[in-house]
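Please view the sequence and the model first, and then read the points grouped by topic.

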Amino acid sequence: MLCAIAIIDPAAAARLTELRRIAERSGVPPRDVHGHITLATYIGADEAGFISSCKAILSGRPKFPVCYHAVEVWASESGTKSLIVAAPRKDPAIASIQREIARACPAGLNKWTREDTWRPHTSLLYVPGADLSPVAEAMRQAFEPFVTQVDRIEFSRVYENQGKFSYETAETILLE
């Protein structure tokens with residue numbers, strides 16, 4: 001699996017990590033937030049072709065702002081509210097990039113990053129089977145909307161081994 005991810009600036013990632021620490025009160029161990037927004041998750045066979053298509057789409061694109069406006073709790077496939085995210089607005093710059101990538105490789109994307117289902121977010125906490133509504137509410141109380149900058153897109157390979165994930169950056173594209 002290969003993800004195209006928009007990387008937010010380090011100060012914004014630190015801000016989201018501090019928000020994530022609220023979960024400690026509920027017994028969830030702290031961890032840093034990987035400061036990114038997934039644009040596309042490619043599950044096809046031609047990774048080189050996918051990266052090449054994305055490079056063509058991203059060529060000459062400027063850096064762009066992203067406005068995080070809410071903390072939301074999302075239901076998992078089982079229906080439990082087990083995922084808390086920081087949600088940015090679907091502003092034109094990020095939406096345009098995601099739409100072009102999704103249209104270039106529609107058959108190769110997973111169901112969550114196709115054009116009609118993609119919802120921009122940064123995952124803050126995921127506990128399978130748990131109802132995280134109370135934790136999300138505590139995070140909402142501490143959250144203040146903010147704007148961050150995206151200055152690069154990374155291609156990250158994701159590996160899963162017994163339910164644990166590891167990541168490897170395959171390539172980085174700097175925006176102008």
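**Surface and overall build**

The protein exposes about 9200 Å², of which carbon and sulfur atoms supply 51%. The model is a predicted one. In secondary structure, the protein comes to 4 helices and 7 strands. Its radius of gyration is 16 Å, close to the 16 Å that the globule rule gives for 176 residues, so the protein is as compact as a globular protein of that length.

**Fold and packing**

- The C-alpha trace spans about 45 × 35 × 25 Å along the principal axes of the protein.
- Of the 176 residues, 45% count as buried.
- Among contacts between residues at least 6 apart in sequence, 72% join residues at least 24 apart.

**Charges**

- Side chains of opposite charge can pair when their charged atoms come close.
- Across the whole structure, a search finds 11 salt bridges.
- Glu18, Arg21 and Asp32 are linked with one another in a network of salt bridges.

**Salt bridge of arginine 103 and glutamate 115**

- Arginine 103 forms a salt bridge with glutamate 115, and the closest N and O atoms are 2.9 Å apart.
- This pair links distant parts of the chain, 12 residues apart: arginine 103 belongs to helix α3 (residues 92–104), while glutamate 115 is in the loop between α3 and β5 (122–126).
- Arginine 103 counts as exposed because its relative accessibility is 56%, over the 50% cut-off.
- Glutamate 115 counts as partly exposed, at 33% relative accessibility.

**Salt bridge of arginine 140 and glutamate 137**

- Between arginine 140 and glutamate 137 there is a salt bridge, with the closest N and O atoms 3.1 Å apart.
- Both residues lie in helix α4 (residues 133–142), where they are separated by about one helical turn because they are 3 residues apart.
- Arginine 140 is partly exposed at 33% relative accessibility, and glutamate 137 is partly exposed at 36%.

**Salt bridge of arginine 157 and glutamate 168**

- Arginine 157 forms a salt bridge with glutamate 168, the closest N and O atoms lying 3.7 Å apart.
- Arginine 157 is in strand β6 (residues 146–161) and glutamate 168 in strand β7 (residues 164–174), so the pair ties together parts that are 11 residues apart in sequence.
- Arginine 157 is partly exposed, with a relative accessible area of 25%, and glutamate 168 is partly exposed at 38% relative accessibility.

Terms used. Residues numbered from 1 in each chain as written. Predicted model: local features only at pLDDT ≥ 70, side-chain atom pairs only at ≥ 80, totals over all residues. Heavy atoms only, no water. Helix = DSSP H or I, 4+ residues; strand = E, 2+ residues; numbered from the N terminus. Rg over C-alpha atoms; globule rule 2.2 N^0.38 Å. Buried < 20%, exposed > 50% of the residue type's maximum accessible area, 1.4 Å probe, protein only. Contact = heavy atoms within 4.5 Å. Areas by Shrake-Rupley, 256 points an atom, 1.4 Å probe, with all protein chains shown as cover. Salt bridge = Lys/Arg side-chain N within 4 Å of Asp/Glu carboxyl O.
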